[in-house]
Amino acid sequence: MRYRLTFLTGLALGYVLGTRAGRERYEQLKKSARQIAQNPAVRNTAETAVHQGRVYAGKAFHTVSDKVGDRVPESVAQRVRSLRDRNGATTAGDDWGTSTV
């Protein structure tokens, strides 16, 4: 309940501030955000973070797989495999089913 209240408070505050600032300020913020997102340094940093996240996630996946081993019921293991296959994770070589950036 606390998180819902915090979210709704933030939503209301954003709405009030947004209506007071107006369309002109919104366009300025949008332009600034686009410039930051297109900055090569920001893009490189984001790509590096994504790559590192995938490396650590892969290590965690294999560590958990090794420790859990055959203790997972076959029905659960089969369901995970089918979800991975359906999302195309096996063709991308990514254990998490995400596409490359």
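A: One begins with the surface: accessible areas come from the Shrake-Rupley method with a 1.4 Å probe, and for residues only the protein chains shown count as cover. The protein exposes about 8,900 Å², of which carbon and sulfur atoms supply 59%. This is a predicted model, in which local features need pLDDT of at least 70, side-chain atom pairs count only at pLDDT 80 or more, and totals for chains, interfaces and linings use all residues. Residues are numbered from 1 along each chain as its sequence is written, and side-chain values use heavy atoms, leaving out hydrogens and water.

Q: What is the mean pLDDT of the protein?

A: The term pLDDT is the predictor's confidence in each residue, from 0 to 100. Its mean for the protein is 80, and 83% of the residues reach 70 or more.

Q: How many helices and strands does the secondary structure comprise?

A: Helices (H or I, at least four residues) and strands (E, at least two) are DSSP runs, numbered from the N terminus. The protein has four helices and zero strands. Among these elements, helix 2 has the highest mean pLDDT (88), and helix 4 (residues 89-92) the lowest (48).

Q: What span should helix 2 have?

A: The expected span is 1.5 Å times one less than the number of residues. Helix 2 (residues 40-68) has 29 residues, so it should span 42 Å; its end C-alpha atoms lie 41 Å apart, which agrees.

Q: Is Phe7 buried or exposed?

A: Buried means under 20% relative accessible area, exposed over 50%, and partly exposed in between (1.4 Å probe, protein chains only). Phe7, in helix 1 (residues 2-38), is exposed because its relative accessible area is 55%. Of the 101 residues of the protein, 4% count as buried.
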